Amino acid sequence: METEQNESSIEKFPFPLVDETGYLACFYCGKHIRHTPEENAVFGEEPYPFDRGHGICLSCGGDPRSTDLGTQLGLIGLVCCAVRFEIVRDNLTPQHQALFDALPDWKKIVASGFLIKGLLMKRRHKI
Ligand SMILES: [Zn+2]
């Protein structure tokens, strides 16, 4: 059964992923990028997360080689973090909101992961 799925995915996503122009289109912004680790944020991912002809540019998907956190996260990562930060803040007391606001961004990201997981568990189990 697994072999059939692998053969099916090979037919669905034939190599190369690029179209006849040699470029991919960023799934989010449409920018034309080459299918290389330097331009496609999902280069080498298996299974490949998009249809033939699509990838994610580093502006949207993030650049792990950057020393700047915002550039590492990319636009999609920044949007996800902003949404998580808002969910976390809305569920904190004013005193804890002030503590959360004072954290550097990388600590907010780590804290949000744990706090959101705790909030979901609390709601699931109606604690
Ligand atoms: Zn993009």
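Let's start at Gly-70, which sits in helix H3, residues 69–90. Helices here are DSSP runs of H or I with at least four residues, strands are runs of E with at least two, and both are numbered from the N terminus. Keep in mind that this is a predicted model: local features need pLDDT of at least 70, side-chain atom pairs count only at pLDDT 80 or more, and totals for chains, interfaces and linings use all residues. Residues are numbered from 1 along each chain as its sequence is written.

The cut-offs are 20 or more other C-beta atoms within 10 Å for buried, 12 or fewer for exposed, and anything in between for partly exposed, with C-beta atoms placed from the backbone. Gly-70 is eleven residues from Ser-59 in sequence, and their C-alpha atoms are 9.7 Å apart.

Now follow H3 itself. A straight helix of 22 residues would span 32 Å at 1.5 Å a residue, yet H3 spans only 24 Å between its end C-alpha atoms; the expected span is 1.5 Å times one less than the number of residues. H3 also has a kink of about 90 degrees, centred on Leu-75. That bend is the angle between axes fitted to the seven residues ending there and the seven starting there. The buried residues of H3 are Leu-73, Gly-74 and Val-88, and they pack against H2, helix H4 (94–102) and helix H5 (105–124).

Stepping back, the protein has five helices and three strands, running α-β-β-β-α-α-α-α from the N terminus on. The strands make an open sheet in the order E2-E1-E3, with mixed pairing; two strands pair if DSSP finds at least two bridges between them. Strand E2 (32–33) and strand E3 (54–55) are the edges, each pairing on one side only. E1 and E3 run parallel, joined by two bridges, and Cys-26 has Gly-55 in E3 as its bridge partner.

Leaving aside neighbours within four places in sequence, Leu-58 is in contact (C-beta atoms, placed from the backbone, within 7 Å) with Glu-39, Ala-41, Asp-63 and Gly-74.

Key
Two residues are in contact if their C-beta atoms, placed from the backbone, lie within 7 Å.
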